[in-house]
Amino acid sequence: MAEKQLQSTLAAAAFQKQWFGDLRRRVFDERRPYALIQADVPFELFDLLEIPAVSNQWWSSLVAAKRQAPAFLAAMAADGIAEQLCRYCSVGLATTRYANAGEAPWGGLPAPRLLCARLTCDCIHRVFSLWAEAFGTELFEIEHPAARELPPRWWELTRHRWRELIEPHRLEFVAGALERLIERLESITTRRLDRAELRERLARVNRQEEIFDATRRLIAAAPATPVRMTEQIANVMATQWVRGTDWAVAHAQQFHDEVQARVDAGVAACDGEKLRLMWVGAGLWHDTDFYTAFEDSHGAVFVWSMYLAFGPDAYIRYGLDDPLAALASRTASFNEFLHNPPWAAEWTVAQALEHRIDAALVLHPKSMKPSATGRIFIERALEEAGIPVLPVQADVVDARAWDPVAARKAVAAFLDKRVLQ
Amino acid sequence: MSARAIAELRAAFEDPFSALGRDPARDRRTVLMSWPSVPIELVHAAGFLPVFARGGDAATPAADDVLEPDLFPNRLRQLVEAALTGRVANIAAIVLPRSSDPDYKCFLYLRELARRGVAASLPPVLLFDLLHSDTADARAYNADRARDLSARLTSLAGRPNRADELREAIANANRSRAAARRLHALRGARPLIAGADALPLLGAFWQLEPERYASLANAAADELARGVPLEGRRVVVAGAPVDTLVLHAAIEKEGAVVVAELSPFGGCGTSADVEVAEDPFPALANHYGRESIDARLPVDALMHKLDELLDAAQAVVLSQPSDDASYGWDYPRIRALLARRATPHTVLTGDSAGGAMAADRERIRALLGSAREVHRG
């Protein structure tokens, strides 16, 4: 594994391990509730009501990074669940339903008081129903009304014109769904959500994302990439799961300042950077070394992934008079920006141009069907913008069909034939 | 009369989608949909003919160029192929329900292809965003979406959007449903009709003018009721809902009889009437939210529907094609349900619209052999 170049990366990893240890102690020793939720559920509500929330996607990435996913997924397949079904959202379920099949990280997930998911992809209701059954716990579902109007340059509307971005009937529905969620959480904790506190928290989320925005622009503008993509992700995701907290804002600032210092000192993540790459799709959690594998051979550095860029463009909401409406406007279309045409292609190309990208690797995740949609539009838009594209067939958590040697050879050949020539 | 009735019903199931593009006048009165989670009563009340995109074995080169492999079912590939080749240029509208991610993505893709000028001659492409959650908020949302779709369709038709016409369309469709239920009652423990014969007669409900369907289906039921019960293992088809006869034919070729299918095109699609209420929109939306069999129907509701079909079943065939992202998750529950009922099953992985693969045919044979053993035991 490539060495960590930033102190903030080490701090982020230590924070997450400590946070999870504290969570397990709270649940087992103090019998206090926690929630297991999808990444696109508004964490802020849980945190303000003192119900810590664990992200399913974070847990999945951790299981994959610890190389435990194949054992759990093989157990799921042996149980008759078809291999083609989404692994990213279900490897966590597998660690619970087939707990003896592998060794879950850090002692495994304790039983949550509540599972919560937005019904985005078709499989979410089913995966979370099975998971709730395995835990013997309650599932709270947030229905997901579909967008009919999709302004192509959505990121120009999110901050100030979010009421235009989200159709009124969808905004109203999602705000109502969040009200129901708050009622449910309040009944678990006996606390009451203070709307002024929510407004303050969302303002701090804005602050955090503004810092990430400044960091993103530093990286985009620097002559050579000052921080590897993998370290960008590690810092951003540790922060996003507790976004708007004092630690998160402080850590975002620490990360920014460290990047700024590297830019000021002319420090590059990779000496001799020749090619700037972007990764389109979720992270390849079981083989993060892949992202540094082309530095020595080609001077090719992964500069961009969605993780740092998405926060500033998708989270910031100004005009917090009605904080729940603002939160609903973020929740209503959250990860669809990343997959649906025209949103995903327009944004990806704009980001590629801003970051002076030379070539793009686009994930083709066989089992994550909704996430796999839209990629033809993304790939064609990138190529039309003069950016060569290499599709990468991979599952982000399931390493069983991944051939790291062949994948690296394919990328090297792509760089040699389509990018360097 | 009855032979002609059966032939007309069969044609009404098989032909309308493939006939698009041949008769501009008829096309102009047609609304094309991707799945029967769109209330056809709204289409009828607006004065249009409903037609559903159906899976088939025709090649789809234009669609394959813009749709990722293994993500979209055959029926959507056929729909996009028709859209990109100008075959639906004259129809009144395309309506895609939010009945699955692929249907929704198909809506987005068509809109984007039009925006990019790839699909130059598309009719209006509309979304019917039906939620399946059984909450007051979701029910109100669905009623508003039904109102909205009704307004759009009547506007396209140049007609007033009148509740009394919609109530009449609901009553007419209910009479058709009653006739379809008569047909479906001929299946079951002593089936008088093979599944591959029954499915088109039932599925025609969705595409025929209601009075015509009721008349033809009642005539067909009268005739078929005089038949003798068919021999063979009684099979229920579940999993990803079928929209073609291919799977039924493959099963029945092995000497079995398909007596029910968990598909809106089969008996499940007409098993309950829509309430004829003062405000027809909530009634219609509630019905489709509760009864539509699609990838977003909550698993408890789906399991309940399956359980209701199993009384007559001696074996169950589950379809899990490679584009399935949803139904496969139900397998542990279905397996447990079938174990409780001591009903053998098999899982097929081929495209149910594209012809049974050799491996699937072998699985069917093995299943029917084991079902025979269970029956003897």
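Mentor: Terms first: helices (H or I, at least four residues) and strands (E, at least two) are DSSP runs, numbered from the N terminus. This is a predicted model, in which local features need pLDDT of at least 70 and side-chain atom pairs count only at pLDDT 80 or more, while totals for chains, interfaces and linings use all residues. Residues are numbered from 1 along each chain as its sequence is written, and chains are lettered from A and ligands numbered from 1 in the order in which they are written.

Trainee: OK. How many helices and strands in chain B?

Mentor: Chain B has 16 helices and eight strands. Its radius of gyration is 20 Å, close to the 21 Å that the globule rule gives for 377 residues, so chain B is as compact as a globular protein of that length. That radius is taken over C-alpha atoms, and the globule rule is 2.2 Å times the number of residues to the power 0.38. The C-alpha trace of chain B spans about 65 × 45 × 45 Å along its principal axes.

Trainee: And chain A, what does its secondary structure come to?

Mentor: Chain A has 18 helices and eight strands. A compact globule of 421 residues would have a radius of gyration near 22 Å, and the 21 Å of chain A agrees with that. Its C-alpha atoms fill a box of roughly 65 × 50 × 40 Å along the principal axes.

Trainee: What share of each chain counts as buried?

Mentor: In chain A 56% of the 421 residues count as buried, and in chain B 58% of the 377. A residue is buried if 20 or more other C-beta atoms lie within 10 Å of its own, exposed if 12 or fewer, and partly exposed in between, with C-beta atoms placed from the backbone.

Trainee: Which residues touch the most other members of the largest nonpolar core?

Mentor: Leu277(A), Leu9(B), Val31(B), Ala217(B) and Val235(B), in a core of 269 residues. Helix α6 (residues 122-135) of chain A gives the most to this core, with eight residues. A nonpolar core here is a set of buried Ala, Val, Leu, Ile, Met, Phe, Trp, Tyr and Cys residues joined through C-beta atoms within 7 Å.

Trainee: Take Leu277(A). What is it in contact with, leaving aside neighbours within four places in sequence?

Mentor: Its partners include Ala300(A), Val301(A), Phe302(A) and Val303(A), and also Ile357(A), Asp358(A), Ala359(A) and Leu361(A). Two residues are in contact if their C-beta atoms, placed from the backbone, lie within 7 Å.

Trainee: Switching to the interface. How many residues of chain A are in contact with chain B?

Mentor: 34 residues of chain A, and they meet 35 residues of chain B. On the chain A side, the elements that give two or more residues are α6, α8 (168-189), α16 (369-372) and α17 (375-384). Of these, α6(A) gives the most, with seven residues.

Trainee: How do the residues on that side of chain A divide?

Mentor: Into 18 nonpolar, eight polar and eight charged. Ala, Val, Leu, Ile, Met, Phe, Trp, Tyr, Cys and Pro count as nonpolar, Asp, Glu, Lys and Arg as charged, and the others, Gly among them, as polar.

Trainee: You listed α17(A). Which of its residues are buried?

Mentor: Arg375(A), Phe377(A), Ile378(A), Glu379(A), Ala381(A) and Leu382(A). After α17(A) comes Gly386(A), with a positive phi near 85 degrees.

Trainee: Which residue other than glycine has a phi near 55 degrees?

Mentor: Arg356(A). It sits in the loop between α15 and β7 (359-364) of chain A, and it is partly exposed, with 14 other C-beta atoms within 10 Å. In chain B, Asp70(B) has a positive phi of about 65 degrees and lies in the loop between α5 (61-64) and α6 (74-84).

Trainee: Where is the cis peptide bond?

Mentor: Between Pro341(A) and Pro342(A), with omega about 5 degrees. Pro342(A) is in the loop between α14 (323-332) and α15 (343-354) of chain A.

Trainee: Last one, chain B. At what angle do α9 and α10 cross?

Mentor: The axes of α9 (residues 163-184) and α10 (residues 195-203) of chain B cross at roughly 175 degrees and come within 10 Å. That makes α9(B) roughly antiparallel to α10(B), a label for angles over 145 degrees. Axes are lines fitted to C-alpha atoms, for helices over the stretch in contact, and angles run from 0 to 180 degrees between N-to-C directions. Ala180(B), Leu183(B) and His184(B) in α9(B) meet Ala198(B), Leu201(B) and Leu202(B) in α10(B).

Conventions: Parallel < 35°, antiparallel > 145°, perpendicular 65-115°, else oblique.
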